[in-house]
Amino acid sequence: MLPVFRNAERTSNDNGVSATQPAEGNPPVDPLLRLTGAASDEPVNVSTIEASDSTFSDGSDLHEGKYFNTKKDLKRKLSDIAMKGNFEFRTRKSNRSLWVIECIDPNCSWRLRASKIVPESTKFVIRKYMGVHSCSLLNRNANHRQATYVVIGEQVTPQYVSVEKGLGPKGVQTFARTKLGAQISYYKAWRGRKHAHTLIRGSPEQSFHVFPSYFHMLEKLNPGTVIHIEVDGESRFKYLFLAFGVAIRGFRYMRKVVGIDGTFLKGQYRGVLLVATAQDGNGQCYPLAWGIVDSENEDAWTWFLTQLKEVIGDTDELALISDRAPSIEKAISTVFEKAHHRACAWHVAQNIKNKFKCADIMGSYWSAVNAYRCEDFTGYIIEISNRYPRVAEYLDRVP
């Protein structure tokens, strides 16, 4: 809300156009910019603008006697008012039963005093309130202290409800500038976004805490589901294995080929997500089991594969497909005595590209991979050997 300036006169320029109205073809000028000299090339002597020359309301619906359920609710309300009004306030006194604040300008009349209704209650009531500012417009600031990451996070929370991704940090900056009138840094926007996620989804600590009860309900509502949770000596989460009962039963009708791999988790506590998938009759991925471990090391893979073995068994008809990570190779040889282990064709192709720099041979390579007859496969391998002997030698060493 812009202030009302007393004794303001409408002046005219040489073209006879009122100074409060834009000339034809020119965009309108914000009165606040005109006063500070930002609207023209000629500087304005800001010392001529006195603090007592203006008064403006904070535009809120606050009044003496208004109640709030908690002190936190009251502070949230005042922070929102301050951001939208582009003014700052500071705390004069604060404890469990009292909160006294005033405008950051010591000469301004704006102030508020609130306290508990009764000492035993959490409700706060506004005892005294002066909602009109008597300070200068020059003290209004978009980079104010009330625009904390907590306040920003609470305000931006609706932007993350029922959406796939929501705003990024730059989007939060834009939201704060356009909706709240606050200029915030990228880092504060990032923290506000993180706080909004916590308000909606809970913290990582809370998520880990509800693991046991959540998986108990999964087992109860999904018969045959296999879940294992491993903890360390201090009862802290270490490993997780999950395979739904319906997926286990469906695997009986799948090809006995299981691909295993891992990917990094990007949460606060990091970790690695392990997955085992099969392939259905339509050539589509068939999720079989998931695991969460600390990293892709031999101990973690050995634990995960041990749980997987209980689900899918160990026969000479079973084939496990993975990249050529040593930790996986050692874990498979330790856990599975009968199953075969083969390298993933895509990972082998990436190794060939990076190691031998021969992208032109990849057509023959994929033809060999997809060949159904031995004579076709042998022909493509001979072609690769004639053109790139070192690639053929590498493929001979791949299991």
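Author: The model is a predicted one.

Reader: Which residues of H4 and H5 make the contact?

Author: Pro169, Lys170, Val172 and Gln173 belong to the H4 side, while Tyr186, Ala189, Trp190 and Arg193 belong to H5. By class, the residues of this contact are five nonpolar, one polar and two charged.

Reader: What makes H12 roughly antiparallel to H13?

Author: The axes of H12 and helix H13 (residues 374-387) cross at roughly 155° and come within 8 Å. Angles over 145 degrees count as roughly antiparallel, so H12 is given that description relative to H13. The crossing of these two helices is left-handed.

Reader: Which residues of H12 and H13 meet?

Author: From H12 come Ser364, Tyr365, Ser367 and Ala368; from H13 come Phe377, Tyr380, Ile381, Glu383, Ile384 and Arg387. Six of the residues in the contact of H12 with H13 are nonpolar, two are polar and two are charged.

Reader: How do you know that Ser322 counts as buried?

Author: A residue is buried when its relative accessible area is under 20%. Ser322 has a relative accessibility of 2%, and therefore counts as buried. Ser322 is part of strand S14 (residues 319-322). Apart from neighbours within four places in sequence, Ser322 is in contact with Ile260, Ile328, Ile332, His341, Arg342, Ala343 and Cys344.

Reader: What does Ile260 contact, leaving aside its neighbours within four places in sequence?

Author: The contacts of Ile260 are Val275, Ala276, Trp301, Leu305, Leu308, Ile321, Ser322, Ile328 and Ile332.

Reader: Which members of the largest nonpolar core touch the most other members?

Author: They are Val258, Ile260, Leu305, Leu308 and Ile312, in a core of 33 residues. Two or more residues come from each of several elements, including strand S11 (257-264), strand S12 (272-279), helix H9 (298-312) and helix H10 (326-335). H9 contributes the most, with eight residues. There is also a second, separate core of 19 residues, among them Trp99, Trp110, Leu112 and Phe124.

Reader: What makes Ser235 and Lys357 count as exposed?

Author: Exposed means over 50% relative accessible area. Ser235 is at 62% and therefore counts as exposed; Lys357, at 67%, is likewise exposed. Ser235 lies in the loop between strand S9 (226-231) and S10, whereas Lys357 is in the loop between helix H11 (345-356) and helix H12 (362-369).

Reader: What is the phi of Ser235, and what is that of Lys357?

Author: Most residues other than glycine have a negative phi. Ser235, which is not glycine, has a positive phi near 65°. Lys357 is not a glycine either, and its phi is positive at about 50°.

Reader: How much of the chain is buried, and how many helices and strands does it have?

Author: Of the 399 residues in the chain, 35% are buried. The secondary structure comprises 14 helices and 15 strands. Among contacts between residues at least 6 apart in sequence, 53% join residues at least 24 apart.

Methods. Residues are numbered from 1 along each chain as its sequence is written. This is a predicted model: local features need pLDDT of at least 70, side-chain atom pairs count only at pLDDT 80 or more; totals for chains, interfaces and linings use all residues. Side-chain values use heavy atoms; hydrogens and water are left out. A nonpolar core is a set of buried Ala, Val, Leu, Ile, Met, Phe, Trp, Tyr and Cys residues joined through side-chain atoms within 4.5 Å. Buried means under 20% relative accessible area, exposed over 50%, partly exposed in between (1.4 Å probe, protein chains only). Helices (H or I, at least four residues) and strands (E, at least two) are DSSP runs, numbered from the N terminus. Contact means heavy atoms within 4.5 Å. Axes are lines fitted to C-alpha atoms, for helices over the stretch in contact, and angles run from 0 to 180 degrees between N-to-C directions. Angles under 35 degrees count as roughly parallel, over 145 as roughly antiparallel, 65 to 115 as roughly perpendicular and the rest as oblique. A crossing is left-handed if the near helix is turned anticlockwise from the far one by less than a right angle, and right-handed if clockwise. Ala, Val, Leu, Ile, Met, Phe, Trp, Tyr, Cys and Pro count as nonpolar, Asp, Glu, Lys and Arg as charged, and the others, Gly among them, as polar.
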